[in-house]
Amino acid sequence: MQVKNTPCELCLSRKFSMFSGLSEEHLCNLSDNKNLISHKKGQILFYEGTKPLGVFCVSSGIVKVYKTASNGKEQIIRLAQKGDFLGYTSLLGEETYSNSATIVEDAKICFIPKETFLNIIAQDNQFHRRLTQAICKDLGVMENKLTDATQKTIRERLAFTLLKLGESYGVDGGENQKIDIALTREEIAGLVGTATETVIRLLSEFKKDKLIAFEGKKIIVKDKKSLARLSDFYN
């Protein structure tokens with residue numbers, strides 16, 4: 001559902017995005033050409049194999065980006081939140097989408113037409129540089145995921161995933177940190193890259209070991225240090 005556009009210069013999420021340093025001229029042009037659309041949980045933003053007509057900028061909410069295997073299981077590539085761009089690598093590569101995107105939590109997302117986006121790249125060297133850095137960072141993340149998939153056990157990958165979710169969506173409460181996003185066990189399995197049954201069993205073991213607790217569908221991290229040791233993650 002299309003809603004009234006918020007001017008980009010007034011958007012609270014812009015400071016989290018690559019549009020944060022745009023000039024007033026480019027911000028005005030962006031505001032004039034974008035469409036702000038409200039999406040409900042479960043709605044598809046785009047499908048793998050379709051042609052991008054522009055890029056998406058998340059204003060609020062959470063979007064999962066994933067690939068679907070031949071057996072129907074999802075491998076989640078990333079969870080996008082406010083300020084994140086979606087679809088720009090496929091647009092720049094003049095290719096179809098290499099993955100799909102679905103709304104995980106109700107979201108407001110700006111659609112920026114291809115011509116508007118490419119004009120900003122051509123005219124703003126700083127934005128072009130930030131975009132290039134973002135693409136390089138994404139490649140690095142994918143390389144690390146491939147390495148983890150071959151060298152880490154499923155238990156280690158799950159512990160690492162919980163720590164990263166805590167970093168991005170955690171709400172601190174003293175000793176505990178609630179991951180304030182309601183992911184299904186299937187979605188957590190998609191992030192880790194394993195079977196749902198395995199994630200359910202390991203989460204139960206983590207709870208028994210007092211590493212985590214549950215609050216409805218949400219997970220509370222109770223022992224970050226032990227999870228970090230378990231995931232072999234030091235930062």
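Predicted model: local features only at pLDDT ≥ 70, side-chain atom pairs only at ≥ 80, totals over all residues.
Phe19 and Phe127 are both buried. A pair of aromatic rings is described by the distance of the centres and the angle of the planes. For Phe19 and Phe127, the ring centres are 5.3 Å apart and the planes meet at 20 degrees, so the pair is stacked; the cut-off for stacking is an angle under 30 degrees. Phe19 belongs to the segment before helix H1 (24-33), whereas Phe127 belongs to helix H4 (residues 125-151), and the pair therefore ties together parts that lie 108 residues apart in sequence.

Phe127 also takes part in an aromatic pair with Phe85. Here the centres are 6.5 Å apart and the angle between the planes is 50 degrees, an arrangement described as tilted. Because Phe85 lies in strand E5 (residues 85-86) and Phe127 in helix H4, this pair ties together parts that are 42 residues apart in sequence. Phe85 and Phe127 are both buried. In total, the structure holds 9 aromatic pairs. An aromatic ring may also have a charged group as its neighbour: the charged end of Lys64 sits over the ring of Tyr66, 5.4 Å from the ring centre.

Which residues of helix H3 (residues 114-123) are buried? They are Thr116, Phe117, Ile120 and Ile121. These residues cover an arc of only 135 degrees around the axis, and they are therefore on the same side of H3. The face turned away from this buried side carries Glu115, Ala122 and Gln123, which are exposed. What do the buried residues of H3 pack against? Their partners are H1, strand E3 (54-68), E5, H2, E6 and H4.

The strands towards the end of the chain numbering may be considered next. Strand E8 (residues 176-179) and strand E10 (residues 218-221) run antiparallel and are joined by 3 bridges. Gln177 has Val221 in E10 as its bridge partner. E10 also pairs with E9 in the antiparallel sense, over 4 bridges, and Glu215 has Lys218 in E10 as its bridge partner. E9 and E10 form a hairpin with 2 residues between the strands, and in this hairpin Gly216 takes a positive phi near 65 degrees.

Most residues other than glycine have a negative phi. Glu94 is located in the loop between helix H2 (88-92) and strand E6 (100-113). Lys210 is located in the loop between helix H7 (196-208) and strand E9 (212-215). Are these residues buried or exposed? Glu94 counts as exposed because its relative accessibility is 70%. Lys210 has a relative accessible area of 62%, so this residue is exposed as well; the cut-off for exposed is over 50%.

Conventions. Residues numbered from 1 in each chain as written. Heavy atoms only, no water. Phe/Tyr/Trp six-rings, centres within 6.5 Å; stacked < 30°, edge-to-face > 60°. Buried < 20%, exposed > 50% of the residue type's maximum accessible area, 1.4 Å probe, protein only. Lys NZ or Arg CZ within 6 Å of the ring centre and 35° of its normal. Arc of directions from axis to C-beta. Contact = heavy atoms within 4.5 Å. Pairing = 2+ DSSP bridges.
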